[in-house]
Amino acid sequence: MTEAVRKSMWVLCVLAAVVTVTPSAFGQAFTATLAGVVTDPNDAAIPGAIVKIRNQATNDARQTTTSGEGRYIFSQLPPGTYEVTAETAGFKTLVRSGVGLSVSQTAELNLAMELGDVTQTISVTEGAPILDTQTANRAVTLSSQQVLDLPVNARNPFVLVHVNAGVIAVRTGISQATQDQNHNRFSMNGGRGQ
């Protein structure tokens, strides 16, 4: 083989490796999205309201303006706890803290503003839990403390899959295998047990 043919073969191998590995990397989502509608006391949309979001751990802040339908969206947010602020003329500033976002979550947080002076602030520290209403995502993110606190007697990471809703253990039909030795066989949301 000549040197030119060897180089061409090497380049083709590298390109083939990149083409086969790259599509699987696009499916990984490590960020969250927060969207919602800003409304007045009559549930009418407020266009042009300024909505700010701040990561409470890193102080990373972003800002957007609501659309004509009062909608706002923040995408590609790192998982964490956020503070969301909405303000516009003629309404009290609304601050909602403790908004938790996890990996791959698309959460909806609607903000209902009250009439008043902009200098007045309404702080909401506790509210209804944020639900992922935009996708059929059933993901669960466990903190390291939650993993440590789980009463698990096996050293098998597949045990942790059973903390998700919709996960059931699948029997193997092997009479010697007990359920605690069969953690890698489970069914999620009615799917196959493989």
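I started with leucine 142, which sits in the loop between strand 9 (121–124) and helix 2 (144–149). Helices (H or I, at least four residues) and strands (E, at least two) are DSSP runs, numbered from the N terminus. The model is predicted: local features need pLDDT of at least 70, side-chain atom pairs count only at pLDDT 80 or more, and totals for chains, interfaces and linings use all residues. Residues are numbered from 1 along each chain as its sequence is written, and side-chain values use heavy atoms, without hydrogens and water.

I looked up the exposure of leucine 142 and found it partly exposed, at a relative accessible area of 30% (buried is under 20%, exposed over 50%, partly exposed in between; 1.4 Å probe, protein chains only).

Next I listed the salt bridges (a side-chain nitrogen of Lys or Arg within 4 Å of a carboxyl oxygen of Asp or Glu); the structure has three.

I noted that lysine 52 pairs with glutamate 87, with the closest N and O atoms 3.6 Å apart. Lysine 52 is in strand 2 and glutamate 87 in strand 5 (residues 80–87), so this bridge ties together parts 35 residues apart in sequence. Lysine 52 is partly exposed at 32%, and glutamate 87 is partly exposed at 23%.

I then found glutamate 83 bridged to arginine 54, closest N and O atoms 3.5 Å apart. Glutamate 83 belongs to strand 5 and arginine 54 to strand 2, so parts 29 residues apart in sequence are tied together.

Last, I recorded glutamate 114 and lysine 92, whose side chains meet at 3.7 Å, N to O.
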